[in-house]
Structure formats: C-alpha cells, structure tokens
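I opened this one to see how the chain is put together and which side chains hold on to each other. My entries follow in the order I looked things up.

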Amino acid sequence: PSLREEETDADCDGVQTIDDCDDGDPSMLGPAEDGTCDGLPGMCVGDRTYETGLHCTTITGDLIVSPLPGPLTDLDGFSDLTAIGGKLQIRGMCSLEDVSGFANLETIGDRLEIDYGCLTDISGFDSLRSIGESLFINYNGYLTSISGFRSLENVGMTVYIHGNSRLCEATAYAFAERVGKGLTPCSDFSCRGDSYIFDNTGSCD
C-alpha cells in the first residue's frame, strides 16, 4: 500500500504529512531513498553491500557482494536494479548458484569483478549493455562458460580473464573479440593490451 494513504515522514525530515515524499535532499537516508513513496528504495546513494542494496533500482556507488555469515544462494533481491554507478564486485561466493538476480541490470559505470567463486556458468547478465571501465573474470575454478553476456556491447577499457582452470582459452579470446577488446591481447601482464587472457586451462572439446 502507498505511504500516501496516511500521514508519514517518508523523507525523514521530522514533519508528518499525507503527501510527504520530498526525496530530493541527498542528506536524507533510509526511507528518503523511497522516491515513489511505495515503501521501497529507488535510487540508493553511495556504496552498498548485499544487505543494504536490496530492492534498489539505481546504486550511485559500488555494490559489493561477498560472503555473509550464512550461505547466500541467490541474488533475487536485485531484480529491480538497472544501473550501478561504480563497480560491481562478486567475490568468493561459493554458495552462489547463479547471478540471475541481475537480469535487469543494464549499465555498470566502473568495472565488473567476478572472482574466486564457484560458478560454473556466468548467466544472468542478459540485459547488461555497457561496462564503463574493465571486466575481470579471474580464478573461478569451476567456470566452464561465459555465455551469459548476450547484450554486452562495450567494455570501456580492458577485459581480464585468467586463472579459470576449467574455462577454454579459445572461448575467452572469442568473448573478448565480441565485446571489442581482442585487438591487442596479452598472454601475461608484461605487455600492454586491451585484453589479458591466460591460464584458462579447461578443455576446448
């Protein structure tokens, strides 16, 4: 139900009114982020974690998804998220079965990091069109496929794919070429290129 149905203090300014949703004040936190007065946050200012980023439509800073005290098996709470202004980091998530919770994410302003996890297939980023800086897919020991970036058209700077022991190296090179970062590939960090792809030692059969 809408918060407009009764007197509320939706923007945390200490004044309760029936139509109280002045969420333009960046100093207001918590319910002040509820730009539509529906009881859920919309634009979330600053950096977020799994606990503080749920149900945001936009996050202006970074979103860090890392191991919690209890196992995390899905990211369904991010189904409304369409844009991240900073980076998205998914690290060390061996309890995570997939990243389908990001199905509506369209843009990442900084970089996407997926590393030290146990995903077998990075699927779930079907709406992601642009990554402003770099893409890192590193040290995911069970990863065999990176086919889940169907809409990705641009990576602003560099693609890093290395240390994935079950991923085919040729698959990684083909992916880098598809997103426009395979013109100057490097097989280690001693050269300068637009993609760094090495030590992906999985079968290509």
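Predicted model: local features only at pLDDT ≥ 70, side-chain atom pairs only at ≥ 80, totals over all residues.

**Aromatic cluster.** I began with the rings: Tyr50, Phe78, Phe102, Phe125, Phe149 and Phe175 form one aromatic cluster.

I then counted the aromatic pairs and got 11. I picked out Tyr50 and Phe78, which sit edge-to-face, with 5.7 Å from centre to centre and 70° between the planes. Where does each partner of this pair lie? Tyr50 is in helix α1 (residues 50-53) and Phe78 is in the loop between β4 and β5 (83-84), so the pair ties together parts that are 28 residues apart in sequence. I also checked burial, and both Tyr50 and Phe78 are buried.

Next I looked at Phe136 and Tyr160. Their ring centres are 4.4 Å apart and the planes are at 0°, so I put this pair down as stacked. Phe136 belongs to strand β10 and Tyr160 to strand β12, 24 residues apart, and I noted that the pair links distant parts of the chain. Tyr160 has 18% relative accessibility and counts as buried, because the cut-off is under 20%.

**Whole chain.** I stepped back for the overall numbers. The chain has 2 helices and 14 strands. Of its 205 residues, 42% count as buried. The accessible surface comes to about 9,900 Å², and carbon and sulfur atoms account for 50% of that. I also looked up how far the contacts reach: among those with a separation of 6 or more, 45% are between residues 24 or more positions apart.

**The sheet.** How many strands form the open sheet, and in what order? I found 8 strands, ordered β2-β4-β6-β8-β10-β12-β14-β13, with parallel pairing. At the edges stand β2 (48-49) and β13 (185-186); each has a single partner strand, so one side of each is left without a neighbour in the sheet.

I zoomed in on one pairing. Strand β4 (residues 63-65) pairs with β6 in the parallel sense, over 3 bridges. Ile64 has Gln89 of β6 as its bridge partner.

Then I checked what packs on the sheet. Helix α2 (residues 169-178) lies across β10 (135-138), β12 (159-162), β13 and β14 (195-198). I noted that α2 runs at about 170° to β14.

**Salt bridges.** I moved on to the charged side chains and found 6 salt bridges in the structure. One of them joins the side chains of Glu106 and Arg129, at 3.4 Å from N to O. In space, the C-alpha atoms of Glu106 and Arg129 are 5.4 Å apart.

I listed what else Glu106 touches, leaving out residues up to four places away in sequence: Thr82, Ser127, Leu128 and Ser130 are on the list along with Arg129.

**The charged network.** Which residues does the network take in? Salt bridges with shared partners join Arg91, Asp110, Arg111, Glu113 and Asp115 into one network.

Glu113 is buried at 6% relative accessibility. Asp110 is buried too, with a relative accessible area of 17%. Arg111 is partly exposed, at 24%.

Terms used
Residues numbered from 1 in each chain as written. Heavy atoms only, no water. Salt bridge = Lys/Arg side-chain N within 4 Å of Asp/Glu carboxyl O. Buried < 20%, exposed > 50% of the residue type's maximum accessible area, 1.4 Å probe, protein only. Pairing = 2+ DSSP bridges. Helix = DSSP H or I, 4+ residues; strand = E, 2+ residues; numbered from the N terminus. Contact = heavy atoms within 4.5 Å. Axes fitted to C-alpha atoms, helices over the stretch in contact; angles between N-to-C directions. Areas by Shrake-Rupley, 256 points an atom, 1.4 Å probe, with all protein chains shown as cover. Phe/Tyr/Trp six-rings, centres within 6.5 Å; stacked < 30°, edge-to-face > 60°.
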